[in-house]
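Please look at the picture before turning to the points below.

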Amino acid sequence: MSPIAISALMDKLGVPASAYTGGTLAARSPISNETTGNVPCDTLDEVDAKIASAHKAFLGWRTVPAPVRGELVRLLGEALRKHKDDLGLLVTIEAGKILSEGLGEVQEMIDICDFAVGMSRQLYGLTMPSERPGHAMREVWQPLGVVGIISAFNFPVAVWAWNAALALVCGDSIIWKPSEKTPLTAIATHAIFESVAKKFEHAPQGLSQLLMGRADIGERLVGSHHVPLISATGSTRMGLSVGPKVAARFGKTILELGGNNACIVTPSADLDMGMRAIAFGAVGTAGQRCTTMRRLIVHTSVYATLVPKLLKAYASVNIGDPRNASTLMGPLIDQASADAMQAALTAARAEGGTVHGGERIERSGGAFVTPALVEMPGQTNVVKTETFAPILYVMKYDTLDEAIHTLRDVPQGLSSSILTTDMREAERFLSATGSDCGIANINMGTAGAEIGGAFGGEKETGGGRESGSDSWKAYMRRQTQTINYSNAMPLAQGVSFDVG
Ligand code: NAD
């Protein structure tokens, strides 16, 4: 494996060594487990000071016209285009995903910037007819305040961009607590933002803040009354802590939590095409996408054809250094993740499963594994649990009702898909009695969403929506305005109240 030349890369991204050396938070590359930095962490007092500074910035930013705010996001998108190769490589080095996915993640940042620039001229409200003569009514969307962004290791920069681009055009300031497992990508991304904001005369100082540290730093952010919206991406365990704390102070949340995504393979499925969708869905990003395909519900009539095809495809997956163009699967994020995978496979065996693959590969310090396909007799406890690793549980079904019941019978509700060429089956899957997930796909896998649609899921996935469609509304405050332009003072509902 070639050495990881972190300082040259950080230099190209405009990050001084002082930003990622001499501190107490060790940054590591999962490729070789070597230390890539020692990042200085914030103290809790520093967190408070950064929140105060973001709040001050908000007071100025909310008065800048939205299309002008959009111009800052346009410039951010331009800077990301310029740095795409370097930042994409850094994502690969720090999160372990293959280079085309690292680059794809930066492309997603660029895409959401483009989307948000357009949005900055479309923060539409409504007008309503008033029942009172000489009155006008309208609904207006106002900037909200400081938006706290907590992100997970597996999309170390795209999730920030999804939130940041929309929050900024909505007139909010932002404060980001990235995963402690991917601090360098956050530092580099923030340096890119700062270089753009510095040159943009309308951007107040402190408009975007970066917090470095572990969960305690995130907890401080979550508890702050000066942060009206917390957008938190990560495990359901984290959401269970964050959600109630923000609710207790009547703050708002966007929760993007764990998934347990399933694909139904019907008798009419195009199996060659489906096999490719399943392989990317289950093995891509080494099973570390929130939308990774974790359950395959296969009709009994195609089971014996599909499973050997999949096993053959699994055997051909090139596992190794994610920087190499021929690699399809990189390492898991750390050894703890590999241990969790082994524990899940042990549980699956105990619950009647037959495990294919899932072995550890000894290689240069990284937590490399082969992807696992596990034939299960039914949807047991381990199948209902999200294990953040490349494990695909395969189960049989006889009727579509049964398959849909299995799909829905888990605590999570992020992504789902069906492989079918039967229009009735497809429409049933998309109906109110079909998939109960935030994302429902036909003849595709469960992973790989585009930024144009609202992204998120139901049940333990948290119910949040971010990115496309009208997700921007979560970053704003809705106000109903009524204007009396008459000389009278009529009351609604015919109420009379004559005084004087
Ligand atoms: P994690 O929950 O361990 O950490 C996520 C972030 O939350 C980190 O920044 C962490 O420091 C912070 N955090 C943890 N506990 C906290 C607390 N009590 N208060 C405040 N902040 C806290 O998740 P991870 O291992 O980095 O990521 C994997 C998980 O994220 C998986 O469950 C995956 O499904 C989920 N995920 C979901 C989505 C989605 O959009 N639904 C996207 C990506 C990842």
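In this predicted model, the helix α7 supplies four residues to the shell around the ligand, which is the largest share. The points below begin with that shell and then turn to strand pairing and to the nonpolar cores.

**Around the ligand**
- Among the 30 residues around the ligand, those that come nearest are Ala152, Gly218, Gly234, Glu256 and Cys290.
- Two elements, α7 (215-223) and α8 (236-248), each give two or more residues to this shell.
- Sorted by class, the shell holds 13 nonpolar, eleven polar and six charged residues, and at least three of its residues come from each of domain 1 (3-257 + 462-480) and domain 2 (261-442).

**Strand pairing**
- Strand β15 (residues 372-375) pairs with strand β12 (residues 354-357) in the antiparallel sense over four bridges, and Ala372 in β15 is the bridge partner of Gly357.
- Strand β15 also pairs with strand β16 (residues 391-397), here in the parallel sense and over four bridges, with Leu392 in β16 as the bridge partner of Leu373.

- In soluble globular proteins, nonpolar side chains tend to be buried together.
- The largest nonpolar core has 144 residues, of which Cys113, Ala116, Ala161, Ala165 and Tyr475 touch the most other members, and this core draws at least three residues from each of domain 1 and domain 2.
- Leaving aside neighbours within four places in sequence, Ala161 is in contact with Glu108, Met109, Ile112 and Cys113.
- Another core, of six residues, lies apart from the largest one and includes Cys290, Cys437, Ala449 and Phe455.

Terms used. Residues are numbered from 1 along each chain as its sequence is written. This is a predicted model: local features need pLDDT of at least 70, side-chain atom pairs count only at pLDDT 80 or more; totals for chains, interfaces and linings use all residues. A residue is near a molecule or strand if its C-beta atom, placed from the backbone, lies within 6 Å of it. Ala, Val, Leu, Ile, Met, Phe, Trp, Tyr, Cys and Pro count as nonpolar, Asp, Glu, Lys and Arg as charged, and the others, Gly among them, as polar. Domain bounds come from an automatic or database domain assignment. Two strands pair if DSSP finds at least two bridges between them. A nonpolar core is a set of buried Ala, Val, Leu, Ile, Met, Phe, Trp, Tyr and Cys residues joined through C-beta atoms within 7 Å. A residue is buried if 20 or more other C-beta atoms lie within 10 Å of its own, exposed if 12 or fewer, and partly exposed in between; C-beta atoms are placed from the backbone. Two residues are in contact if their C-beta atoms, placed from the backbone, lie within 7 Å.
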